[in-house]
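Please look through the notes below with the model open beside you. Each numbered point takes up one topic and can be checked by eye.

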Amino acid sequence: MTPKLVIFDCDGVLVDSEIISCREYAAVLTEHGYAISADQVFARFLGRSAQDTRAEVEAELGRSLPASFPDRLKDRLNAAFAAELQAIPHISAALDALQQPVCVASSGSHDKIAHSLRLVGLHQRFVPHIFSAADVARGKPAPDLFWHAAQRMGAAPADCVVIEDSVSGILAARAAGMVALGFCGGSHCGSGHGALLAQAGADQVFADMRQLAAIIDEFSLCQA
């Protein structure tokens, strides 16, 4: 197996956003009558699409969230990201060290992905190769988004390596028939997060982006 494409998740892999996102999502849900903590959002919804999480919340509430909900959440996230968002440490160096083409496949909307990447100076590293769960029928943990990204990039699934920080993302990568590398170097990752990714089927877990190119090279040699 010689990797021909490296697929990055965005939140928690390229941008250190998960603590911010979980906090703001919990606050807006609570405002709308669904009391939940940031830790609970993290445990239940990390890596999943907004469409899927909203459907689950509405099923439990027994009613639809108001039409204003997405805009309220977007406004809070944009303000918080502008004040706090940082790139994952050493991500630029990791990208520089890779020989393979790269792309983004994220559960976020296209607007959210682009906004996040622009804030940390990474947008031009990936545009136009940015794919969203909005592009497919099923979000993670279904494999659809990763298959879509591979097809658009002209790579066979078996030739792709996925970098993910969530259990849902690892499950999606494995279901897509791709190598799944679990990243646990974001500020949201506690001491047991790497073990969760390994249990979900990650082929290898790492916490420092400076290791990425060597891991991919070593994995290629091991699979030869």
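In which strand is Ser106 found? Point 2 gives the reply.

1. Basis of the note. This is a predicted model, in which local features need pLDDT of at least 70 and side-chain atom pairs count only at pLDDT 80 or more, while totals for chains, interfaces and linings use all residues. Residues are numbered from 1 along each chain as its sequence is written, and side-chain values use heavy atoms, with hydrogens and water left out.

2. Ser106. Ser106 is found in strand E2, which covers residues 102–106. Strands (E, at least two residues) and helices (H or I, at least four) are DSSP runs numbered from the N terminus. Ser106 counts as buried because its relative accessibility is 1%. Buried means under 20% relative accessible area, exposed means over 50%, and partly exposed lies in between, with a 1.4 Å probe and protein chains only. Leaving aside residues up to four places away in sequence, Ser106 touches Asp9, Cys10, Asp11, Ile113, Phe131, Ser132, Ala133, Lys140 and Leu145. A contact here means heavy atoms within 4.5 Å.

3. Overall form. The chain has eleven helices and six strands. For 224 residues, a compact globule would have a radius of gyration near 17 Å, and the chain agrees because its value is 17 Å. That radius is taken over C-alpha atoms, and the globule rule is 2.2 Å times the number of residues to the power 0.38. The C-alpha trace spans about 55 × 35 × 30 Å along its principal axes.

4. Burial and contacts across the chain. Buried residues make up 52% of the 224 residues. Of the contacts between residues at least 6 apart in sequence, 69% join residues at least 24 apart. The accessible surface comes to about 9800 Å², and 52% of this surface belongs to carbon and sulfur atoms. Accessible areas come from the Shrake-Rupley method with a 1.4 Å probe; for residues, only the protein chains shown count as cover.

5. Helix H9. Which residues of this helix are buried? In H9 (residues 167–175) they are Ser168, Gly169, Ile170, Ala172 and Ala173. Their cover includes helix H8 (144–153), strand E4 (160–164), strand E5 (179–183) and helix H10 (193–200). After H9 comes Gly177, whose phi is positive, near 80°.

6. Salt bridge Glu84 to Arg23. The structure holds 16 salt bridges, a salt bridge being a side-chain nitrogen of Lys or Arg within 4 Å of a carboxyl oxygen of Asp or Glu. In one of them, Glu84 pairs with Arg23, and the closest N and O atoms are 2.8 Å apart. This pair links distant parts of the chain: Glu84 is in helix H4 (residues 69–84) and Arg23 in helix H1 (residues 18–31), 61 residues apart. Glu84 counts as partly exposed because its relative accessibility is 36%. Arg23 is also partly exposed, with a relative accessible area of 31%. Both residues belong to a network of salt bridges that links Arg23, Glu24, Glu31, Arg72, Arg76 and Glu84.

7. Two further salt bridges. Arg44 pairs with Glu60, with the closest N and O atoms 2.8 Å apart. Here Arg44 is in helix H2 (residues 38–45) and Glu60 in helix H3 (residues 50–61), 16 residues apart, and the pair links distant parts of the chain. Asp96 forms a salt bridge with Arg125, where the closest N and O atoms are 2.7 Å apart. Asp96 lies in helix H5 (residues 91–97) and Arg125 in helix H7 (residues 123–126), so this pair ties together parts that are 29 residues apart in sequence. Asp96 counts as exposed at 56% relative accessibility, whereas Arg125 counts as partly exposed at 35%.

8. Backbone details to check. Where is the cis peptide bond that ends at Pro128? The bond runs from Val127 to Pro128, with omega near 5°, and Pro128 sits in the loop between H7 and strand E3 (130–132). Another cis peptide bond joins Lys140 and Pro141, with omega about 20°. Pro141 is in the loop between E3 and H8. His90, in the loop between H4 and H5, has a phi near 70°, a positive value in a residue other than glycine. With a relative accessible area of 37%, His90 is partly exposed.
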